[in-house]
Amino acid sequence: LVERMRPFTSTIFAEITALATRTGAINLGQGFPDTDGPDVLLEAASNAIHGGLNQYPPGPGLPVLREAVAQHQKRFYGLDADPDTEVLVTAGATEAIAATIMALCEPGDEVVTFDPVYDSYAASIALAGAVKRTVTLRWPDFGLDEAELRAAFGPRTRVVLLNTPQNPTGKVFDRAELELIGRLAIEHDAVVVTDEVYEHMVFDDGVHVPIATLPGMAERTVTISSAGKTFSVTGWKVGWLHGPAELVAAARAVKQFLTFVSAGPLQPAVATGLGLDDDFYAGLRDGLQAKRDLLVDGLRAAGFPVSVPGGTYFVIADAAPLGFADGVELCQRLPELVGVAAVPVSVFYSDPSAAPSLVRFAFCKRDEVLHDAVERLGRLSS
Ligand code: PMP
Ligand code: GLN
């Protein structure tokens, strides 16, 4: 294995899911729902398979899905995208991120990211031979420090790789933070690559602001999302990106040699999903918000201080007051201690000492599973 990929031989999600499976623990580690998405999607996929849509789709994606992505961006955010030149269908958001970074970064170019950062970002940056420059967001507010952000930019900054709502913190970047990021990107002539897979999971009075909607940003932003989260089909691996034609063409050039094309019969099904009415989207958000509240209340009752997430599938809790100073060790022992699996947060930081005792729990599970998990976690302090 080449040296630059040696730190990435296994992922924390695969490790914790294997541990949960081995021990029979409730898996609140890896973020995937335990119920499938809307029937209309499942039927549309099945119809496409039985209807003979089983050969290579066009490289940029089936027109029906590119059209649906463009309409979705217009409907929710007022963003214009030409489905022919400004949208690309990818193998999940993961491929969209990798293809974009590889398309835009020369070896030695710098990518500004926000710790704690989703695990595939560092690997994609390493694959491109680029250099990660980190801005650290700290428990419990995960606020953005302007001086630290400024200091992360320099003459080699090529990309800012943003994630809002953010995994694992649940942070929803607000307009002022995004304006600051946008101003610095313009100042340094950097491209913003924004991963918005949790765009429809923003709670309370929060709003998801795509950075592409800010003045001057559409022309330098690649916006990425995926069907996995919005339609509870994480195994489908259908994602997309949109942005200015030249940036999309660059990502497409790389994508064609990573996977060539992405799952044909799933694409019309995802197009069907993107066209679902407002009730579907509101139901998704309200349902998850109730699950968040259930888990937050349960964790608090079990003695964990919690950072209440404004979005995503995830909540971060501090295990230190329960006597667990090391989150990695706790997550290795938690299945055996109480039959629940979770993910240590320190692995998402370049400097693990920034969050030694923090642990991430996923709440995208059926209510009875969450109730059971909360009851088990209550035994930790008794
Ligand atoms: N980005 C973030 C922030 C994620 O949490 C995930 C996990 N779903 C992904 C990207 C990967 O998305 P996909 O499964 O569509 O590749
Ligand atoms: N996005 C999911 C999470 O954060 C995991 C995806 C994966 O296993 N790579 O839990």
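Here are legends for a few close-up views of this predicted model.

Local features need pLDDT of at least 70 and side-chain atom pairs count only at pLDDT 80 or more, while totals for chains, interfaces and linings use all residues. Residues are numbered from 1 along each chain as its sequence is written, with chains lettered from A and ligands numbered from 1 in the order in which they are written.

**View 1. The annotated domain, residues 25–377.** An unreviewed UniProt entry lists this stretch as "domain: Aminotransferase class I/classII large"; such annotations may be inferred rather than shown by experiment, and positions follow the numbering used here, with feature names shortened. The stretch is 41% helix and 16% strand, with its end C-alpha atoms 12 Å apart. Helices (H or I, at least four residues) and strands (E, at least two) are DSSP runs, numbered from the N terminus.

**View 2. Strand 3 alongside strand 4.** Strand 3 (residues 110–115) runs parallel to strand 4, and six bridges link the pair. Phe114 has Val135 in strand 4 as its bridge partner.

**View 3. Helix 10 under cover.** Nine of the nine residues in helix 10 (266–274) are buried (20 or more other C-beta atoms within 10 Å of a residue's own, with C-beta atoms placed from the backbone). Among them are Leu266, Pro268 and Gly273. The cover includes helix 2 (39–50), helix 3 (63–77), strand 2 (87–90) and helix 8 (227–230), counting contacts as C-beta atoms within 7 Å.

Technical notes:
Buried ≥ 20, exposed ≤ 12 C-beta atoms within 10 Å, placed from the backbone. Contact = placed C-beta atoms within 7 Å. Pairing = 2+ DSSP bridges.
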